[in-house]
Amino acid sequence: MEVEFTKSAVIPYRLKDGKLEILLVTSIKKKNWIVPKGYIEFNLTPFESAKKEAYEEAGVVGSNETVEVGQFINEKKSGKELVKVYTMEVDEELDDYPEKNLRKRKWFVYEEAIEKVQNTQIKNFLKKLKESIKN
């Protein structure tokens, strides 16, 4: 299977009052709830690129202790893309960020986030994140 693009995605999360919360953003065209994702920039590692997307799309900054939870193939009209998925615990939420006027961002408790996200693979990664935090 030939992959034409490699992207990275990040699942920004926090623990609030002992509950796992996931930060989702809306996609620009369809306004679906998604996780920040973008092309891996040539001078950045996949993780650094994912962190940059989190900043640009959701206005959040996180710790470097980030884990790759997996990857999946996303089939688009433009071709197949390999998406590497990371988790990132959010340290700071900024009021001003590059795509502030293009997207909404919202914290969801884990159960709501699972319902809002349509991508099956991302749902699986959300489940993995929840499992890893319980331990």
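**A residue in the first strand**

Tutor: Y13 is buried, since its relative accessible area is 12% and burial is assigned under 20%. The model is a predicted one, and the mean pLDDT of the protein chain is 91, with 94% of the residues at 70 or more.

Y13 belongs to strand β1, which covers residues 5–16. Setting aside neighbours within four places in sequence, one finds Y13 in contact with L20, E21 and I22, with T87, M88, E89 and V90, and with W107, L129 and I133. A further spatial relation concerns G62: the C-alpha atoms of Y13 and G62 are 9.1 Å apart, although 49 residues separate the two in sequence.

The loop between β1 and β2 holds D17. In contrast to the buried Y13, D17 is exposed, because its relative accessible area is 75% and the limit for that class is over 50%. The backbone of D17 also deserves attention, as its phi is positive, near 50°, in a residue that is not glycine. Most residues other than glycine have a negative phi. K31, in the loop between β2 and β3, likewise is not a glycine and has a positive phi, of about 65°. With 47% relative accessibility, K31 is classed as partly exposed.

Strand β1 also takes part in covering helix α1. This helix comprises residues 46–58, and its 13 residues extend 18 Å from the first C-alpha to the last, close to the 18 Å expected at 1.5 Å a residue. Its buried residues are F47, S49, A50, K51, E53, A54, E56, E57 and A58. The cover over them includes β1 together with β2 (19–26), β4, β5 (60–62), β7 (79–93) and β8. After α1 comes G59, with a positive phi near 70°.

The loop between β7 and β8 contains K104. K104 counts as exposed because its relative accessibility is 57%. Apart from neighbours within four places in sequence, K104 is in contact with L24, V25, T26 and W33.

The largest pocket holds about 900 Å³. Its lining consists of 25 residues, of which S27, I34, K37, N74 and K76 are the closest to the centre. Two or more lining residues come from each of β3 (33–34), β4 (37–39) and β6. By class, the lining contains nine nonpolar, seven polar and nine charged residues.

Note on methods:
Residues numbered from 1 in each chain as written. Predicted model: local features only at pLDDT ≥ 70, side-chain atom pairs only at ≥ 80, totals over all residues. Heavy atoms only, no water. pLDDT = per-residue confidence, 0-100. 1 Å grid on protein atoms, 1.4 Å probe; cavity = no way out; pocket = protein on both sides within 12 Å on 5 of 7 lines; lining within 4 Å. Points joined across faces, edges and corners; volume = space filled by probe spheres on them. Helix = DSSP H or I, 4+ residues; strand = E, 2+ residues; numbered from the N terminus. Nonpolar A, V, L, I, M, F, W, Y, C, P; charged D, E, K, R; others polar. Buried < 20%, exposed > 50% of the residue type's maximum accessible area, 1.4 Å probe, protein only. Contact = heavy atoms within 4.5 Å. Expected span 1.5 Å × (residues − 1).
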